[in-house]
Each structure stands twice: as C-alpha cells, then as structure tokens.
Amino acid sequence: MATTALTRELQTSNPLWSTLDTFQSDLSESGAHTAISRLTASLAEYRARMAPDAWKFMCSGLDSHPAVSQLLEDPCLRDARQKPAGYAGDARMLDYVYFQDPGPQPMTPTGRALFKVSTRLPIAAAVRERCASLADAIVCRARAGDISIASIACGHARELDLIPYHLLKRVRFWGLDHDPRSVEHCRSQHGSPQANFHVGSVRDLLAGHIAIPPSDFVYASGLFDYLDERTGALLLGRMIAALNDGGSVVVPNLTPENEEVGYIEAVLDWWMYYRTVTDMARLASLAAGDRPRLRTTTQLGPDNRIVWLEIHRRS
C-alpha cells in the first residue's frame, strides 16, 4: 500500500504525467494528428523550462502511464522505444521513417493512425531529406567520374537506393556498421565487387582494429547524433585521415531546433546529442586543427533541423 501511495504521489507531482493524460483525451476526441501535435508542443515547453537532470528524472517516470501502451500500438514508436535491436535508431526502425509503410503486420486502428502521423513529423521528414541529400552528393561526384566512398554506421545504406544505376556503377563503396543484420541486408541488396560491407564499430576504428580505406567521399549519416564531443572529434579525425586529395568528409547532425526533441526523449526514451553550427565548427577544429589544406564549411538544412559539416582536402 505504501509503495502504491508513493507511486501515485510521484505521478501527481510529475507534470509530464498530466501531459500524457491530456494526450489520451485528445486522441479520443480529436484524433492522432491533434493529439501528437499538442503532446509534442507541451513536452517541448516543459523541456525548455526544466534543468536537464530534472527533465531526465521526470521522463524516467512515464513507463507505467497507460498512454505509453497506446503509443506503442504504432510499430515505429514501439520499436523506437523498446529498441528490439538493442540500441536506439536501428536500421529496421528507420525504414519505417524512410518508407512510411508498416508492412504486413497486424495493427489496431489507433496504431495505424499514430503511425501515419509519427512517420510524417517534421523531424522524420528531415531524416528522409538527410538521406536524399547524401544521395545527391554521391550523384554529383559520380557524374564527374569514378569515385571511392566510405560510409560509417551505414545502416541499410538507403541513400544507395536513390542513385541511378548507371552512376552507381562508378562508385566503389565501403560500408561499416556494428549491427551484423544491417551488414547482411546491405550485402544482399548492394554487395558486389564494387561494394563491400563490414561489421565493425566506432571503437574498432578508434582502436585501429579497422581502417577506413582511402576515399574521395567519407560520411556518417546519423552516427554523430550519438557521439559525445571527444569521441566525435576522434572519429572525425580518422575520417579526415582517410581522404584522398580533393576528397570531402560530410557529417550531418540533428539540431536543437527540432521541437520534437522533448517528445523523442520523454515518449521514446531516445537520447541524442543535438548540435548547432557552432558545435559542429568546434568539432571540426578539434579534429582537424589548423591545417591549411583543409577547408571547413557548415550549413543548416531546411527549417534548421539538420546542420551539415563538410571538410574538404584541397588537391
């Protein structure tokens, strides 16, 4: 009884608990789009007002709220929160975002409605735009001739799906991912004498167990969202070291401008490093120092949701 009373007291004192109460009412009365929109806005406000430690503590107390069970009827939200691959943001979950298709699995009407909204959130659109931008960068370089590319934490390498076949034939691709299932998928879809995929981690790269081959274009799509500054700078240094003359490193990172950050952390228990243009410039400075042959540029993507870092090695 005492434990139950304490639990209820903690729930009552947690403002995020009442926010999920409101979400349930909105879902039944106004539908998934309104419910998710209001929940996202409310959580963004609470996150902005709270100290980081207090915010994390409040988020940790939401597991038993019945709204969480409703949200998990959406397979994208379910896998994002439950992390069946053992880590956040696995390639299979991201495929829900890329394709906006739940596939042939049983779903409740509520789950289907939530899926339609969650995979169309602005931050989900930004992830798709990130993939398309990387594909465009590869296409631009392949049009000029044969090119060697290295992708770190390649996932399912969905950017390769967007490249015309006649240009893809000009690409010598090297992909690395720590998840054997992702690597196996890439080998089945893209494996060829021109495309090789390997199982390996950031730790393997930093320890020297695996080396990035000399490349004209080296990138990491989404990986730096999970790396602290020190680790990110060390990895960026390895990526720069692999560049051929005239080559470029490209790193995108989600920014704090995404209003869904509070929703992602509170509802999905998904914690990332969100960076600004200044943060990315500092990361480049830590990794590259003041080398005259390197040119660093940063720019924001649409709606300032992703910041892009590019480091070019002059010929």
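Ala, Val, Leu, Ile, Met, Phe, Trp, Tyr, Cys and Pro count here as nonpolar, Asp, Glu, Lys and Arg as charged, and the others, Gly among them, as polar. On that scheme, the lining of the second largest pocket splits into eight nonpolar, no polar and three charged residues. The model is a predicted one, with local features needing pLDDT of at least 70, side-chain atom pairs counting only at pLDDT 80 or more, and totals for chains, interfaces and linings using all residues. Residues are numbered from 1 along each chain as its sequence is written, and side-chain values use heavy atoms, with hydrogens and water left out.

A pocket, on a 1 Å grid over the protein atoms alone, is an open set of points where a 1.4 Å probe fits, with protein on both sides within 12 Å along at least five of seven lines; lining residues have an atom within 4 Å of a point. The second largest pocket holds about 280 Å³. Its lining includes Arg 47, Trp 55, Glu 265 and Tyr 274, and helix α4 (residues 52-59) supplies the largest share, three residues.

The largest pocket comes to about 900 Å³. Of its 48 lining residues, Ala 88, Gly 89, Asp 90, Leu 94 and Tyr 226 sit closest to the centre. By class, that lining has 31 nonpolar, eleven polar and six charged residues.

Ala 153 is in the loop between β1 (147-152) and α10 (165-168), while Asn 304 falls in the loop between β6 (294-300) and β7 (306-313).

Conventions. Helices (H or I, at least four residues) and strands (E, at least two) are DSSP runs, numbered from the N terminus. Grid points are joined across faces, edges and corners, and a volume is the space filled by probe spheres set on the points.
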